[in-house]
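Let's take a walk through this protein chain together. Have a look at the picture first, then read on.

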Amino acid sequence: STNPIGAILSIDIPFDDGSVICSDYSANQWKFTTLKAPGDGNHPVSGTREFGFELDSNGGLNFYTRGVDRITDNVTLLFGGRNGRRVFEGADNLWLSFQSGLENFVNANGGQANKADPIIGRPDWDKVEDFLQGNGSINDLGCNN
């Protein structure tokens, strides 16, 4: 589309389907934000995911995904653990398989691709909660990579 903003994608997610809407785009990136759509269950996370590519210093392309997510509901939180470790392991595995699939596709079609190590940062929600209750400093928050 010449303007994909507002396009809704329904995603088949184990146990509960969810949808995302295209909330931003440019010539080299697309952002999708979770939403509640008719016929869907609760998307397991709420947030925004960016897919894109950028030129590197050697004239090649770097494909990437970036995102920020938060567990949506108490049922997911119950099964995912307080910091969502089990929920986010599934998401991490999905994006790692995306990297492998893209690498394999490019290499099988005459290109040259190598996966970069992912950069994953997550807040320690216990520290966030302490900070919001007036205990600790904002400098204590950081991410637990």
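Before anything else, a quick word on pairing: two strands count as a pair if DSSP finds at least two bridges between them. Keep in mind, too, that what you see is a predicted model.

With that in hand, look for the sheet. Five strands make up an open sheet, in the order 1-2-3-4-5, and their pairing is antiparallel. Strand 1 (8-11) and strand 5 (61-71) sit at the edges with a single partner strand each, so one side of each has no neighbour in the sheet. Going from one strand to the next, the twist averages 20°.

Now zoom in on one pairing. Strand 4 covers residues 45-55 and runs antiparallel to strand 5, with 11 bridges joining the two. If you want to spot a bridge yourself, find E54: its bridge partner is N62, in strand 5.

What else is in the chain besides strands? There are three helices to go with the five strands.

Finally, here are some values for the chain as a whole.

| What | Value |
|---|---|
| Buried share of the 145 residues | 21% |
| Contacts joining residues at least 24 apart, among those between residues at least 6 apart in sequence | 27% |
| Share of the accessible surface belonging to carbon and sulfur atoms | 55% |

Terms used:
Residues numbered from 1 in each chain as written. Predicted model: local features only at pLDDT ≥ 70, side-chain atom pairs only at ≥ 80, totals over all residues. Heavy atoms only, no water. Helix = DSSP H or I, 4+ residues; strand = E, 2+ residues; numbered from the N terminus. Axes fitted to C-alpha atoms, helices over the stretch in contact; angles between N-to-C directions. Buried < 20%, exposed > 50% of the residue type's maximum accessible area, 1.4 Å probe, protein only. Contact = heavy atoms within 4.5 Å. Areas by Shrake-Rupley, 256 points an atom, 1.4 Å probe, with all protein chains shown as cover.
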